[in-house]
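Here are some reading notes for a colleague who is new to structures of this kind. Please keep the sequence and the 3D view open while going through the numbered points.

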Amino acid sequence: MATEQSVDLVDDETVGLFTKAVLLAALTAGLAQLSIPIGPVVFSLQPFGMFFAGLLLGPLWGGVALLLYLLVGIAGAPVFSNGTAGIGYVIAGKTGGFLVGFLVGAVVAGAIAHRGIAPKPVADLSVPVQVVALTAAVAVVYAIGIPWMAVVTGLPFARAAALMAPYIPLDLLKLGIAIAIVQGGYLAGR
Amino acid sequence: MLSYRPGSTVAHRLDPRSKLLFQFGFAIAAVAHPTLPWLVGTTAFALCALAAARLSPLAVLRSYRIVLAVLALAPFVAGVAPGPPWFRVDPALRSALHVGRILPVLLVSAAYLTSTPVRDTRAAVQRLIPGKPGQILGIGMALVVRLFPLVLADVREVRDAIHARGGEARPLRDRVRLLAVRSLERTLDRSDRLSVALRARCFAWNPTLPPLAFDRRDYPVLAVGIALAVSPLVSV
């Protein structure tokens, strides 16, 4: 008996956005394994994944990129910092809120930067728009991460916030570097 | 590092969907009540899950040692006071109970990781989320797992190249910018090549999925998962 099944091809534009989301998820995972110690704090490169996912892909595909990152970690790939994995690390881990915050942050950054689902060329985004988008993303990460950390560790909110305060200037520095990369024309045509 | 190990234990034979739901329900139940009896109960439950996967609790603790070491600091931070008596026991104990809740969740998570291949979780996600979103996430997961080692190698190569050129002496801002730019360029080049490869292979919305079998033994696990997830609603 002959069987017929039509092939429903994915359109070229969606394939391009999808592969960028996949590779930015992999890049976020790769950057999570590197950090630069600065005195008592660690300079993590992970937020760049969120910044570039939001700026390059917009809210939908930027969110897909970070969701893929979380899902492969939950599935067991050692993609979280220090090569950890598992749903336990996300739900009950001290930094699980920051991981979820990266996902929401990418969506917020993309929504502010592109003001719609379809991403514009990154060169068309003005500096003030990029600053507002990435600052909002950082604010969202801390707004989710600090209360989450307080609940998981039983620390008072103020103490959890004080523990994370040294990282805020570093994240603002990362934000500036991300915008400098866009303004430097390194992502022209993307 | 914890990763999948082939085997034929009870945990290996369960469907990934029931195991995922069980983990989710267990995590909700474990964090619902920061009390000592509840902690003892959830830890005993988690040890049963480890036994079902024939996994040593010590091996799990070793794998999560960095996470646990960081968590262990929380009670000390909570107990430190800015004036006499300098350290208060009550907040430290409260924090220790909160942190203790995490251990059983990590144990159950470890049982899942070692008994479930990533491709099964991918298939479970693709089947649990209907339509195109499920397709995108399922295929995306498979590709991220495949490409992560390559992208990580790229990033490390860029970092080593910067070091080899005396980059450590440069200001932090310059080092980070160089690392981010070069890593991103390589990543986006890979994305372009992957895009062409997928289109050349007729990337479609309706590919063939790996088979999953939701068996009779999965129903009790599913039921326990749901019961655990709603357990915080029941007063103890």
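1. Chain B is divided into two parts, domain 1 (10–116 + 213–233) and domain 2 (134–200), where the bounds come from an automatic or database domain assignment. Taken over C-alpha atoms, the centres of domain 1 of chain B and domain 2 of chain B are separated by 34 Å.

2. Before going further, please note that this is a predicted model, in which local features need a pLDDT of at least 70 and side-chain atom pairs count only at pLDDT 80 or more, while totals for chains, interfaces and linings use all residues. Residues are numbered from 1 along each chain as its sequence is written, chains are lettered from A and ligands numbered from 1 in the order in which they are written, and side-chain values use heavy atoms, with hydrogens and water left out.

3. The confidence of the prediction is given as pLDDT, the predictor's confidence in each residue on a scale from 0 to 100. Chain B averages a pLDDT of 88, and 97% of the residues score at least 70. Among the elements of chain B, the highest mean pLDDT, 93, belongs to H9(B), and the lowest, 85, to H5(B). Where pLDDT is low, the predicted coordinates should not be read in detail.

4. A search of the whole structure finds nine salt bridges over all chains, a salt bridge being a side-chain nitrogen of Lys or Arg within 4 Å of a carboxyl oxygen of Asp or Glu. One of them joins the side chains of Arg199(B) and Asp12(A), at 3.7 Å from N to O. This pair crosses between chains, since Arg199(B) is in helix H10 (residues 172–200) of chain B and Asp12(A) is in helix H1 (residues 12–32) of chain A; helices (H or I, at least four residues) and strands (E, at least two) are DSSP runs, numbered from the N terminus. Arg199(B) is partly exposed, at 37% relative accessibility, and Asp12(A) is also partly exposed, with a relative accessible area of 48%. Here buried means under 20% relative accessible area, exposed over 50%, and partly exposed in between (1.4 Å probe, protein chains only).

5. Another salt bridge brings together the side chains of Arg186(B) and Glu157(B), at 3.0 Å from N to O. This pair links distant parts of the chain, with Arg186(B) in helix H10 of chain B and Glu157(B) in helix H9 (residues 131–164) of chain B, 29 residues apart. Both residues belong to a network of salt bridges that links Asp154(B), Glu157(B), Arg186(B) and Arg190(B). Arg186(B) is partly exposed, at 30%, and Glu157(B) is partly exposed, at 45%.

6. On the surface of chain B, a nonpolar patch is formed by Leu73(B), Phe76(B), Val80(B), Trp86(B), Phe87(B), Val89(B) and Leu93(B), which together have about 740 Å² of accessible area. Such patches are made of residues with over 30% relative accessible area and no salt bridge, with like charges joined within 9 Å and nonpolar side chains (Val, Leu, Ile, Met, Phe, Trp, Tyr) within 5 Å, and accessible areas come from the Shrake-Rupley method with a 1.4 Å probe, only the protein chains shown counting as cover for residues. Helix H5 (65–79) and helix H6 (89–100) of chain B each supply at least two residues of the patch, and Leu73(B) lies in helix H5 of chain B.

7. Two backbone angles deserve a second look. Most residues other than glycine have a negative phi, and most peptide bonds are trans. Trp86(B), in the loop between H5 and H6 of chain B, has a positive phi of about 70° although it is not a glycine, and this residue is exposed, at 53%. Arg115(A), in the loop between helix H4 (96–114) and helix H5 (127–153) of chain A, has a positive phi of about 50° and is exposed, at 64%.
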